[in-house]
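User: I am new to this structure. Please take me through it in short questions and answers.

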Amino acid sequence: MEQAQDQVKRCAEAVCDGLKQLGDISYAVLPTDIAHALGDLKKAFLGNIRSAIDWEIEWIGERVAGGDKLRQEWKEKCER
């Protein structure tokens, strides 16, 4: 069983290494300044996506807390 897991792990590592190599090649074929500018652009874009996702997660948490508060208020009104 461990031998099969080792083979799968080695295969996955080989695939990851190949993808890393392709990524390196995709930037190596570009002029240095363009490669760096493209990398900065992609990082900025992904940073904005991360900010949007963080905002959405925070918004959901606030809505759940607001729902808990309303539920408690309704429960108190029903008990009166």
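User: Which residue forms a salt bridge with K43?

Analyst: This is a predicted model. A salt bridge needs a side-chain nitrogen of Lys or Arg within 4 Å of a carboxyl oxygen of Asp or Glu. For K43, the closest N and O atoms of the pair are 3.8 Å apart. The partner is D40.

User: Where do K43 and D40 lie?

Analyst: They are 3 residues apart, about one turn of the helix.

User: Is K43 buried or exposed?

Analyst: Exposed means over 50% relative accessible area. K43 has 58%, so K43 is exposed.

User: How many salt bridges does the structure hold?

Analyst: One of them pairs K43 with D40. E62 forms another with R63. D68 also forms a salt bridge, with R71. The total is 3.

User: How far apart are the closest N and O atoms of D68 and R71?

Analyst: D68 and R71 both lie in helix α2. They are 3 residues apart, about one turn of the helix. D68 is partly exposed, at 40% relative accessibility. The closest N and O atoms of the two are apart by 2.7 Å.

User: What is the relative accessible area of R63?

Analyst: R63 pairs with E62, and their closest N and O atoms are 3.7 Å apart. E62 counts as partly exposed because its relative accessibility is 39%. R63 is partly exposed too. Its relative accessible area is 41%.

User: How far apart are the mean positions of the positive and negative charges of the chain?

Analyst: Side chains of opposite charge can pair when their charged atoms come close. The chain carries 12 positive and 15 negative charges. Their mean positions are apart by 6 Å.

User: How many disulfides does the structure hold?

Analyst: A disulfide is a covalent bond between the sulfur atoms of two cysteines. The sulfur atoms must be within 2.5 Å to count. The number in this structure is 0.

User: Which cysteine has the sulfur nearest to that of C16?

Analyst: C16 is in no disulfide. At 42% relative accessibility, C16 is partly exposed. The nearest cysteine sulfur is 9.7 Å away. It belongs to C11.

User: Is C78 buried or exposed?

Analyst: The cut-off for exposed is over 50% relative accessible area. C78 has 67% relative accessibility, so C78 counts as exposed.

User: How far apart in space are Q7 and A35?

Analyst: Q7 is found in helix α1, residues 2–28. Q7 is partly exposed, with a relative accessible area of 44%. In sequence, Q7 and A35 are 28 residues apart. In space, C-alpha to C-alpha, the separation is 36 Å.

User: What radius of gyration does the chain have?

Analyst: The chain has 2 helices and 0 strands. Its C-alpha trace spans about 70 × 50 × 10 Å along the principal axes. A compact globule of 80 residues would have a radius of gyration near 12 Å. The chain has 25 Å.

User: What share of the residues in the chain is buried?

Analyst: Buried means under 20% relative accessible area. The chain exposes about 7400 Å², and carbon and sulfur atoms supply 62% of that area. Of the 80 residues, the buried share is 2%.

Technical notes:
Residues are numbered from 1 along each chain as its sequence is written. Side-chain values use heavy atoms; hydrogens and water are left out. Buried means under 20% relative accessible area, exposed over 50%, partly exposed in between (1.4 Å probe, protein chains only). Helices (H or I, at least four residues) and strands (E, at least two) are DSSP runs, numbered from the N terminus. The radius of gyration is taken over C-alpha atoms; the globule rule is 2.2 Å times the number of residues to the power 0.38. Accessible areas come from the Shrake-Rupley method with a 1.4 Å probe; for residues, only the protein chains shown count as cover. Lys and Arg count as positive and Asp and Glu as negative; His and the chain ends are not counted. The place of a charge is taken as NZ of Lys, CZ of Arg, CG of Asp or CD of Glu.
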